[in-house]
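Thanks for coming. I will go through one model, starting with its aromatic residues and ending with confidence.

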Amino acid sequence: MALISVKTILTSLCLFHITLAYFFYTNPNAIAEQVLVYVLGEAMGMPQTTSFATPSSATSFLAVTLFVLGLSDLLTLSMPEEIWLIHYWGAQAPLRITLFAAISLFAYFSTPSYGRSKPSLLSHPLTPPSTFMAGSGSGIVTGGDGLRNRVFFTFALLEFLSWFWVWVTLKEEAGRFAARKKRRGSSGGSNGGLRA
């Protein structure tokens, strides 16, 4: 039996997204300076970014996106239990696990070695810094360059872990819901047989 219900976990995750939206809109530097972001970034060798120093059009867009995501996910919990428990979140949770796992791995494995003290035996495969740095000789800058930082990596990793927790708890509660529904159906069928 789960210690925390899936509805509570989902509600907390939705409120987390709405809170992040507020901070990305008003003061994105507060997120970039969090201890968890620093510790995970240092442990994984992720570079710092100055993109979150002040609010910008990109952080405002991110804030609106997170707000809409959090609000729409929160509203799905007001549907009948069978719809959100079995049908909606039963499909969404594995999809989001896969998506955030892929994004976390992309951010980790594509981060250049620039700015690290030195590669160690346990460090991930490093790519040359000239491939990804904006001021490099090749001059090629892609959209993925903005995703190779500790803020994005921490967000993607926490989302992956959260959605995995949701999925595990969801499977357990969906099984209990199906058993409860089957029990109600069999008791209703036996009463109908007695009346006829």
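**Aromatic pairs and helix contacts**

Tyr88, Trp89 and Trp163 make up one aromatic cluster. Rings of Phe, Tyr and Trp (its six-membered ring) count as a pair if their centres lie within 6.5 Å; planes under 30 degrees apart are called stacked, over 60 edge-to-face, and the rest tilted.

Before going on, the ground rules. This is a predicted model, where local features need pLDDT of at least 70 and side-chain atom pairs count only at pLDDT 80 or more, while totals for chains, interfaces and linings use all residues. Residues are numbered from 1 along each chain as its sequence is written, and side-chain values use heavy atoms, with hydrogens and water left out.

How many aromatic pairs are there by this rule? The count is eight. One of them is Phe24 with Phe52: the ring centres are 5.6 Å apart and the planes are at 50°, so this pair is tilted. Phe24 sits in helix 1 (residues 6-26) and Phe52 in the loop between helix 3 (35-44) and helix 4, so the pair ties together parts that are 28 residues apart in sequence. Phe24 and Phe52 are both buried, where buried means under 20% relative accessible area, exposed over 50%, and partly exposed in between, with a 1.4 Å probe and protein chains only.

For Tyr88 and Trp89, the ring centres are 4.9 Å apart with planes at 85°, so that pair is edge-to-face. Tyr88 is partly exposed, because its relative accessibility is 26%. Trp89, at 0%, is buried.

Tyr88 and Trp89 also take part in a helix contact: together with Trp84 and Arg96 of helix 5, they meet Leu69, Asp73 and Thr76 of helix 4. Contact here means heavy atoms within 4.5 Å. By class, this contact holds four nonpolar, one polar and two charged residues. The classes are: Ala, Val, Leu, Ile, Met, Phe, Trp, Tyr, Cys and Pro nonpolar; Asp, Glu, Lys and Arg charged; the others, Gly among them, polar.

**Two single residues**

Is Thr154 buried or exposed? Thr154 is buried, at a relative accessible area of 3%, and belongs to helix 6 (residues 150-195). A polar atom of the Thr154 side chain lies 2.7 Å from the backbone oxygen of Arg150. Leaving out residues up to four places away in sequence, Thr154 touches Leu36, Val37 and Leu40.

Asn27 is in the loop between helix 1 and helix 2 (28-32). Asn27 counts as partly exposed, with 37% relative accessibility. From C-alpha to C-alpha, Asn27 and Pro55 are 6.3 Å apart in space, against 28 residues in sequence.

**Whole chain and confidence**

The chain has six helices and zero strands. Helices (H or I, at least four residues) and strands (E, at least two) are DSSP runs, numbered from the N terminus. Of the 196 residues, 30% are buried.

Now pLDDT, the predictor's confidence in each residue, from 0 to 100. The chain mean is 82, and 78% of the residues reach 70 or more. Where pLDDT is low, the predicted coordinates should not be read in detail.

Terms used: A polar contact is a pair of N or O atoms within 3.5 Å; within protein, one must be able to donate a hydrogen and the other to accept it, and residues adjacent in sequence count only if both atoms are side-chain atoms.
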